[in-house]
Amino acid sequence: MIVKARLAMAGAAKSGLAAVAALAFMGTFAAQASQNIITSHGISKFGELKYAEDFQHLEYVNPDAPKGGEISIWAQGTFDSMNPYTRKGRAGALSSIFFESLLTGTADEVSSVYGLLAERLTYPEDRSWVIFDIRPEARFSDGTPVTAEDVLFSYEIFLEQGLLSYREELQQVVVSAEILEPLKIRFEFNTERSTLTYPSMIGGIPIFSKHWFEETGAQLDESRMQPAVGSSPYLLDEFETNRRIIYRRNPDYWGAGLPINRGQNNFDRIRVEYFADTSAAFEGFKAGVYTFRNENFSLNWATGYDFPALDKGWVTKRVYPDGTPAGGQCFVFNLRREQFQDPRVREAISLLFNFEWSNETLFYGLYARIHSFWENSDLAATELPGAEELALLEPLRGMIPDEVFTEPAVLAPSSGERKLDRGNLRQASDLLDEAGWVIGDDGIRRNAEGKTLQVEFLGQSPSFDRIINPFVENLRATGIDAIYTRIDPAQYTNRSRDHDFDIITSGFPVSLEPAASGLRQMFGSEHIDGVFNDAGLASEAVDRLIDHVQEAGNLAELRIAVKALDRVLRAERFWVPQWFKAVHTVAYFDQYEHPENLPPFSLGQLSFWWFNPEKHARLVEEGAF
């Protein structure tokens, strides 16, 4: 149950109950005094904070990086809103840039967060509650102070109007929110679950201006082109619907001198150019329409970088390490569809995607196969489960596939050099026969009721045509009535949000110290209709394993719980894993610089890179722009 927040002392005084409130507050203080109370500039899920309270700047930034210039990137499709927190409309790229939170993370630690709007937080050892002290100097972009009232308002508007999955998670996490002073707010947590991540979770809520919402009558769950007032370093400069968005650095940004911000937010302008498709976007980059490109298309990387701007030295092509998990990019099945209820059907379809042929023929050997939801990390399940994993898995017998106990962790199937691997075709055909989908005289598979086994791949990018079409051909070769439908980005957004698809390309972004709240939104039964549970997965066993992740008291326990979860998720076969690369492949016009040692968990091009005006002048003089 959510207890409505109150301004404890002031509210009591107005009602003539100040003495009673004071006694209650003293009682609470006495109870807290009996606990081990921690006051800190940050908090970590496990272990110690890397940065001490008196740190001057993050290790991976250039604290003296110059400010100025512009960096420009691209986005695909269209936008009709500058509100990223609603299901209505398609939000503009980077439209959450206006908002800060009480706490913020770093790019060289996994789960530590430090005070941003909050200068400190106080919490007991069991993390059953937290008090945030807001910085007195914190200001919104309209010059008004950030107060506990704004924090409370932001929490409550997410609770009332946020995405359903997020609202449900907040309801299970927070018991009460209480303003103690104008710059001090307390959250009390539900202790029926582990509270280890709760202070960080609440500290990550975007903070809005209560005054702006009340003055404008705006709602969180609405599509609008006017962004809400935030406190961040960037403001909306201008936009042209479906063409471009320009953000400008706020010269009066309140937090420019904070140690956590030194060497960051260096560009005066961040420009986003919109293109209808990926081919047009690449041509735009070659022509200098925008200046920084994180290349995600292997064909371009392998064969496309032979244009004049590169030959003349105007464009730099670089590879940087990427230490983050692969992100679970995949073809995901919509388990809400009747034809995907039988796991044998899902396994059969997975067998017919030939990654090896695609990688050699289409990707120029640039990618590796994803096998785990935590690929590119030590959290991926391997081989047979050990004794510690079995302790978590044994109570789930009968709820999960038997192979979890008898076989190594499921790997994505491998294929031969031919586009259609004959061995996999035979295996897939046998599985479909066993599942009751039999080939008729017309070569199409039907079940006992005469229903055709139909599968539609839904896409929005022409660059995926060359990947999906061979997959569709392989499916049709085994009698599946498969088609590929490409629609415009706005339609795609609506259909994917409404779960109106058979198979889409999606991803499951996970972290090296995953929070149970995020895992529940992607895989939890209670979020089966949420926007992040693309598969529509509802498994009591998965729910229990997510609980184990939440209850982990140290890194060793977390690693075991995540591996067990990864093992079970893979055995459910609700995805066809795609591919990844453990590097950033980027190209940019040679007018940017970055710190010598980049952090492992972020490329940081929009934040701690900077603009070199001399290099820019040379490019202009030579006709690059």
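Helix α17 (residues 516–523) is mostly covered, with seven of its eight residues buried; buried means under 20% relative accessible area, exposed over 50%, and partly exposed in between (1.4 Å probe, protein chains only). Helices (H or I, at least four residues) and strands (E, at least two) are DSSP runs, numbered from the N terminus. This is a predicted model, where local features need pLDDT of at least 70, side-chain atom pairs count only at pLDDT 80 or more, and totals for chains, interfaces and linings use all residues. Residues are numbered from 1 along each chain as its sequence is written, and side-chain values use heavy atoms, with hydrogens and water left out.

**Helix α17**
- The buried residues of α17 are Ala516, Ser517, Leu519, Arg520, Gln521, Met522 and Phe523.
- They pack against α4 (164–173), α5 (198–203), α18 (540–551) and α19 (555–572).

**Nonpolar cores**
- A nonpolar core is a set of buried Ala, Val, Leu, Ile, Met, Phe, Trp, Tyr and Cys residues joined through side-chain atoms within 4.5 Å.
- The largest core has 83 residues, and Phe457, Phe523 and Phe574 touch the most other members.
- Helix α19 gives the largest share of this core, nine residues.
- Apart from it lies another core, of 81 residues, among them Val113, Ala148, Ile205 and Leu258.
- Leaving out residues up to four places away in sequence, Phe457 touches residues including Phe331, Ile468, Phe471 and Ile503; contact means heavy atoms within 4.5 Å.

**Asn474**
- Asn474 is found in helix α15 (residues 465–477).
- Asn474 counts as buried because its relative accessibility is 2%.
- A polar atom of the Asn474 side chain lies 3.0 Å from the backbone oxygen of Leu352.
- Not counting residues up to four places away in sequence, Asn474 touches Leu352, Lys419 and Leu420.

**A four-stranded sheet**
- The strand order in this open sheet is β3-β12-β11-β10, with mixed pairing; two strands pair if DSSP finds at least two bridges between them.
- β3 (70–76) and β10 (234–240) stand at the edges with a single partner strand each, so one side of each is left without a neighbour in the sheet.
- β3 pairs with β12 (residues 269–275) in the parallel sense over seven bridges.
- Val272 in β12 is the bridge partner of Ile73.

**Confidence**
- The protein chain has a mean pLDDT of 93, and 95% of its residues reach 70 or more; pLDDT is the predictor's confidence in each residue, from 0 to 100.
- Residues 1–33 have pLDDT below 50, and this stretch has 37 contacts in the model beyond near neighbours in sequence.

Technical notes. Polar contact = N/O pair within 3.5 Å; in protein donor to acceptor, adjacent residues only side chain to side chain.
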